[in-house]
Amino acid sequence: MLQEKAGNIAGTIWNALSEANEGLTFKQIKKVTKLAEKDFNLGLGWLLREDKVAIAETADTSILAITDDGEAERERLEAQLQSVRRRQSVLHDRALADR
């Protein structure tokens, strides 16, 4: 029963990523899918074990994407993560300037 649940949750996460057609942060996936933390982790574990997704992460952000071509996907994710870092830096700098 738990394996079936994990597979169903993995499918929910996979569909969210597929519809987005790009990598999503964990927070974005949980918002779109409305999954509880433990269910999200269960589905994520399934997808990682099956090598269906790749993760790029920093200390505060993780982006998950479907792996079609493992190495190319990881490079694309890393580029997307760099973009997220730049946006976070700009927002941080603006918040400091507003003080």
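Contact here means heavy atoms within 4.5 Å. With that in hand, welcome to a predicted model, in which local features need pLDDT of at least 70, side-chain atom pairs count only at pLDDT 80 or more, and totals for chains, interfaces and linings use all residues. Residues are numbered from 1 along each chain as its sequence is written, and side-chain values use heavy atoms, leaving out hydrogens and water.

**Fold and extent**
- The protein chain holds four helices and three strands, taken as DSSP runs (helices H or I, at least four residues; strands E, at least two) numbered from the N terminus.
- Along the sequence, these elements follow the pattern α-β-α-α-β-β-α.
- A box of roughly 55 × 30 × 25 Å along the principal axes is filled by the C-alpha atoms of the protein chain.
- Among contacts between residues at least 6 apart in sequence, 48% join residues at least 24 apart.

**Burial and surface**
- Of the 99 residues of the protein chain, 32% count as buried (under 20% relative accessible area, 1.4 Å probe, protein chains only).
- The protein chain exposes about 6800 Å², and carbon and sulfur atoms supply 49% of that area (Shrake-Rupley method, 1.4 Å probe).

**How H1 meets H2**
- Helix H1 (residues 2-20) and helix H2 (residues 26-33) pack at an angle of about 110°, with axes 10 Å apart; axes are lines fitted to C-alpha atoms over the stretch in contact, and angles run from 0 to 180 degrees between N-to-C directions.
- H1 and H2 are therefore roughly perpendicular to each other (65 to 115 degrees).
- Thr12, Ile13, Ala16 and Leu17 of H1 make the contact with Ile29, Val32 and Thr33 of H2.

How values were computed. Buried < 20%, exposed > 50% of the residue type's maximum accessible area, 1.4 Å probe, protein only. Parallel < 35°, antiparallel > 145°, perpendicular 65-115°, else oblique.
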